[in-house]
Amino acid sequence: MMPQYSPEPSAWRRIQTAWGLPDLAGKGRFVTANLIDSLGNGLVMAFTVVFFVKTTSLSLAAVGAALTIGQLLALPVPLFIGRLLDKYGPRTVVAAGNWTSAAGFIGFLFSHAAWQIVLWQFVVQLGSTAFWMGNSPLTVLVAGGVERARWFGFVRALRNVGVGFGGAASAVALSIGTVAGLQAVMVINVVTFAVAGCLVITLRGADTSETAGGGSAEPKPAEPEQAAGQTTGQAAGGYRTVLKDTRWPGLRASDRAVSGQRGGL
């Protein structure tokens, strides 16, 4: 029997394997959307306070308080976004998160009072939370059951790199120091986040109805006993079941604390 010939992997594929990267072929839209969000968040996180101090008559303390209140108001948002994920799927939620953040950045451009900063900071946090809550299940769908661990590691690394470059770009923008320059950076953020939403919503092969194996999307009818068991399980579940696990709230609280420390750096 003649041995089967396997083609030599391309140079790019060898680089991907050596660096532990997933196969990025056909995933450019997803990768670009993640990079835009990371860059944008790194940029805004680093210069939002200075932006409002420069573009409004508010004091540094007032701006800081308004931004903090806006973030606090967004804390219960995940409870509602989880339901939207179940109903509409991660692709729609992630795209809507990008567009919501873009709307919030537009609001930043026209904010002059403390209550306006609170409102639009809440909107930006709403969009950011929707993006990152939907991005993990969207990553699972994009990976399609293949190289899933590599995809999660790659997305996390991409976020860290994007935040770093966004912070560096913010330092350059602040060195310019003019109000027009700061507003131009915010306009760029609006455009890029709107584009990111379009990239996500047009992703192919990222619907919850599509399985990795390409099987039928129609669910099989359940047996009466099985359906009854599922209904009972659902009734007994929900957020009450999650909160009964004392380790979960502790984990989320520590994660929030670490995120807050990073945001303050």
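## Briefing: a helical chain and its packing

Gly166 touches Leu39, Gly42 and Leu43, leaving out residues up to four places away in sequence; contact here means heavy atoms within 4.5 Å. The model is predicted, so local features need pLDDT of at least 70 and side-chain atom pairs count only at pLDDT 80 or more, while totals for chains, interfaces and linings use all residues. Residues are numbered from 1 along each chain as its sequence is written, and side-chain values use heavy atoms, with hydrogens and water left out.

**The whole chain**

- The protein chain has 11 helices and zero strands. Both are DSSP runs numbered from the N terminus: helices are H or I with at least four residues, and strands are E with at least two.
- Along the sequence the pattern reads α-α-α-α-α-α-α-α-α-α-α.
- Of the 265 residues, 32% count as buried. Buried means under 20% relative accessible area, exposed means over 50%, and partly exposed lies in between (1.4 Å probe, protein chains only).
- Take the contacts with a separation of 6 or more: residues 24 or more positions apart account for 80% of them.

**The nonpolar cores**

- A nonpolar core is a set of buried Ala, Val, Leu, Ile, Met, Phe, Trp, Tyr and Cys residues joined through side-chain atoms within 4.5 Å.
- The largest core holds 38 residues, and Phe47, Phe51, Phe105 and Phe108 touch the most other members.
- Six helices each supply at least two residues of this core: α2 (28-55), α3 (60-73), α5 (90-109), α6 (114-143), α7 (148-176) and α8 (179-201). Helix α2 gives the most, with nine residues.
- Another core lies apart from this one; it has six residues, among them Ala74, Ile81, Val93 and Ala130.
- Phe51 is in contact with Phe108, Leu109, Leu182, Gln183 and Met186, setting aside neighbours within four places in sequence.

**Helix pairs**

- Two packed helices are described by the angle between their axes and the distance between the axes. Axes are lines fitted to C-alpha atoms, for helices over the stretch in contact, and angles run from 0 to 180 degrees between N-to-C directions.
- The axes of α2 and α8 come within 9 Å and cross at roughly 155°. The two helices are therefore roughly antiparallel. Angles over 145 degrees count that way, those under 35 as roughly parallel, 65 to 115 as roughly perpendicular and the rest as oblique.
- The α2 and α8 crossing is left-handed: the near helix is turned anticlockwise from the far one by less than a right angle, whereas clockwise would be right-handed.
- The residues of the contact of α2 with α8 divide into 15 nonpolar, seven polar and three charged. Ala, Val, Leu, Ile, Met, Phe, Trp, Tyr, Cys and Pro count as nonpolar, Asp, Glu, Lys and Arg as charged, and the others, Gly among them, as polar.
- Helices α5 and α6 pack at about 155°, with axes 7 Å apart. They are therefore roughly antiparallel, and their crossing is left-handed.
- The residues of the α5 with α6 contact divide into 15 nonpolar, 11 polar and one charged.

**Single residues**

- Gly166 has its place in helix α7. Gly166 counts as buried because its relative accessibility is 3%. Its C-alpha atom is 7.4 Å from that of Ser38, 128 residues away along the chain.
- Ser128 lies in helix α6. At 14% relative accessibility, Ser128 counts as buried. Ser128 touches Asn41 and Ser101, not counting residues up to four places away in sequence.
- Val195 is in helix α8. Val195 counts as partly exposed, at 39% relative accessibility.
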